[in-house]
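Subject: Structure handover

Hello,

Here is the structure I said I would pass on. My notes on what was found follow below it.

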Amino acid sequence: MTSYGGQPAARSGSRTNGLAIAGLVCGIVGFFFLNVVLGPLAIIFGMIATRQSGAQGGRGMAKAAVVLGIVDLVVFAILMIVAANNGGFHWYVGN
């Protein structure tokens with residue numbers, strides 16, 4: 001398919017590994033929400049993408065996903081330590 005002017009509409013250049021992108025997204029989102037779930041997913045996706053990076057691009061994203069996954073788990077551990085030292089989380093609703 002060509003666009004106006006004879007240029008190809010989409011180029012099939014180098015593609016980034018999808019697992020590297022998924023790991024990076026899990027690592028970033030996990031920093032704010034559900035870090036105990038998304039952190040390990042980011043590490044797993046990043047490790048698999050690092051092994052596959054010879055065939056596809058995205059080695060830097062895969063390494064970033066692993067690092068962000070580790071940071072997610074550290075943040076979760078810190079939050080649990082703070083919660084334990086403050087007597088846990090308390091919900092106050094109403095008067």
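A word on terms before the helices: axes are lines fitted to C-alpha atoms, for helices over the stretch in contact, and angles run from 0 to 180 degrees between N-to-C directions. Helices (H or I, at least four residues) and strands (E, at least two) are DSSP runs, numbered from the N terminus.

This is a predicted model, in which local features need pLDDT of at least 70 and side-chain atom pairs count only at pLDDT 80 or more, while totals for chains, interfaces and linings use all residues. Residues are numbered from 1 along each chain as its sequence is written, and side-chain values use heavy atoms, with hydrogens and water left out.

Overall

The protein chain has three helices and zero strands, in the order α-α-α along the sequence. Of its 95 residues, 20% count as buried; buried means under 20% relative accessible area, exposed over 50%, and partly exposed in between (1.4 Å probe, protein chains only). Contact means heavy atoms within 4.5 Å. Among contacts between residues at least 6 apart in sequence, 63% join residues at least 24 apart.

Helix packing

Two packed helices are described by the angle between their axes and the distance between the axes. For helix 1 and helix 3, the axes come within 8 Å and cross at roughly 30°. The two are therefore roughly parallel to each other (angles under 35 degrees count as roughly parallel, over 145 as roughly antiparallel, 65 to 115 as roughly perpendicular and the rest as oblique). On the helix 1 side, the contact includes Ala20, Ile21, Gly23 and Leu24; on the helix 3 side, it includes Met61, Ala62, Leu68 and Asp72.

The axes of helix 1 and helix 2 also come within 8 Å, but cross at roughly 155°. That makes helix 1 roughly antiparallel to helix 2. Among the residues that meet here are Leu19, Ala22, Cys26 and Val29 from helix 1, and Leu38, Leu41, Phe45 and Ile48 from helix 2.

Helix 1 passes helix 2 in a left-handed crossing, and its crossing with helix 3 is left-handed as well. A crossing is left-handed if the near helix is turned anticlockwise from the far one by less than a right angle, and right-handed if clockwise.

Single residues

Aspartate 72 lies in helix 3 (residues 59-85). Aspartate 72 is buried yet has no salt bridge, and the nearest side chain of opposite charge, lysine 63, is 19 Å away. A salt bridge is a side-chain nitrogen of Lys or Arg within 4 Å of a carboxyl oxygen of Asp or Glu; Lys and Arg count as positive and Asp and Glu as negative, with His and the chain ends not counted. Leaving out residues up to four places away in sequence, aspartate 72 touches residues including Cys26, Gly27, Phe31 and Asn35.

Leucine 73 is also found in helix 3 and, at 31% relative accessibility, counts as partly exposed. Beyond its neighbours within four places in sequence, leucine 73 is in contact with Asn35, Val36, Pro40 and Ile43.

Leucine 34 is found in the loop between helix 1 (18-30) and helix 2 (35-52). Its phi is near 50°, a positive value in a residue other than glycine. Leucine 34 is exposed, with a relative accessible area of 60%.

Threonine 50, in helix 2, is partly exposed at 21% relative accessible area. Threonine 50 touches Arg59, Ala62 and Lys63, not counting residues up to four places away in sequence.

Regards
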